[in-house]
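Please find below a colleague's note on the structure shown here. The points are arranged by topic.

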Amino acid sequence: MSTLEGSAGAESERPVPRRLSAARGLGDRAFRYQLTATGGIVLAIMAAVGLFLLLRAGQALRARGVWAFLTTAEWQPDVHRFGIAAVLTGTLLIAAVAVTISVPLAIGTALFISDVAPRPLRRTLVTMVDLMAAVPSVVYGLWGLFFLQEHVIGLSRWLSDWLGWIPFLHVDGVQPGEPLASQSVYTASTFVAGIVVALMVAPIQCSVMREVFAQAPAGEREGAYALGATRWGMIRAVVLPYGMGGIIGGTMLGLGRALGETIAVYLIISPVFAIQPHILQTGANSVSSLIALHYGDASTFGMSALMAAGLALFLLTLAVNFTASSIVARSRSGAQSEA
């Protein structure tokens, strides 16, 4: 009994850790309130945009129905036959082509700047990449329309001839290896628009990835070299695993930009209101180009239909960004940045 009483007394006499609290001065409190207010304003603006689109789209959604609006490919709002099945499919295909091309390009450029390029050259390369991100989209669109497209036709034909057995690379009406096939079937396609959008979003993705790669722990880099790793071995074992959050975040940021790109896509594509899964074939569409095409001559009901299309694009972009945020927060680089 005395042993139990002794152990209970010893437990009661154990020191309790003292709670530490930092005294915040007036400047710290003001800065905290300012950041909180700024974050609240951003969320309020985003909610206001969504509410505005929802209210303006209510007339069209009530007349057509949400399910019919999502599954109809036609766009004739004045006769109440309209939907975003075709333009939403085109939007996703253009964004998929853009991300497929831009992500390897952005990763390679970011790794070269952060780990391979000589130090005097890095600042020049960073400036060039940032300047590419500042070029207006209309310039990219004109460049893609008058210069890039005619040089991509040969690649599109080669892909169609040798990989046309893949459904999305097939071109209707063209036989593989046919020398007299018209080049016009390869113009104004999803593939051309995707390449242009990829060059637009790659600088943004590269900037995000480069900043994360540069923060990889120097001790782990040196440890990898001390164990005999080559530069590529160090990058593969240290930089890439650490920068996974930056890769995902940059990819999703570029995807969000690609989903909403308007002018460049509008200048290049030939709009079709039918589901077009063949990315090399002429004819494509997107939600943003649909709005730009019909905004000027839309009736009151047609404007409501365009607002419904904008609401769908807004919700899609939000879903992509929130998914990316949750993935980045669970990665090593994301957790490190929050600490």
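This is a predicted model: local features need pLDDT of at least 70, side-chain atom pairs count only at pLDDT 80 or more; totals for chains, interfaces and linings use all residues.

The numbered points below take up helix geometry, surface, aromatic contacts and salt bridges.

1. Geometry of helix 6. This helix covers residues 137-163. Although helix 6 has 27 residues, its end C-alpha atoms are only 31 Å apart, whereas a straight helix at 1.5 Å a residue would reach 39 Å. Helix 6 also carries a kink of about 55°, centred on Leu148. Leu148 is listed with the buried residues of this helix, which also include Tyr140, Gln149, Val152, Ile153 and Arg157.

2. Nonpolar surface patch. Helix 6 supplies the largest share of the patch, namely 4 residues. Val138, which lies in helix 6, has a relative accessibility of 37% and therefore counts as partly exposed.

3. The whole structure contains 4 aromatic pairs. In one of them, Phe69 and Phe82 are arranged edge-to-face, with 6.0 Å from centre to centre and 70° between the planes. This pair links distant parts of the chain: Phe69 belongs to helix 3 (residues 66-71) and Phe82 to strand 2 (residues 81-82), 13 residues apart. Phe69 is buried because its relative accessible area is 3%, and Phe82 is buried because its relative accessibility is 0%. Ring pairs join Phe69, Trp75, Phe82 and Phe301 into a cluster.

4. Arg221 sits in helix 8 (residues 218-226) and Asp115 in helix 4 (residues 85-116), so that the pair links distant parts of the chain, 106 residues apart. Both partners, Arg221 and Asp115, are buried.

5. Which residue does Arg210 meet in a salt bridge? The partner of Arg210 is Glu211, at 3.4 Å from N to O. Arg210 has 9% relative accessibility and is therefore buried, while Glu211, at 43%, is partly exposed. A further salt bridge joins Glu261 and Arg257, with an N to O distance of 3.4 Å.

Notes
Residues are numbered from 1 along each chain as its sequence is written. Side-chain values use heavy atoms; hydrogens and water are left out. Helices (H or I, at least four residues) and strands (E, at least two) are DSSP runs, numbered from the N terminus. Buried means under 20% relative accessible area, exposed over 50%, partly exposed in between (1.4 Å probe, protein chains only). Rings of Phe, Tyr and Trp (its six-membered ring) pair if their centres lie within 6.5 Å; planes under 30 degrees apart count as stacked, over 60 as edge-to-face and the rest as tilted. The expected span of a helix is 1.5 Å times one less than its number of residues. The bend at a residue is the angle between axes fitted to the seven residues ending there and the seven starting there. A salt bridge is a side-chain nitrogen of Lys or Arg within 4 Å of a carboxyl oxygen of Asp or Glu.
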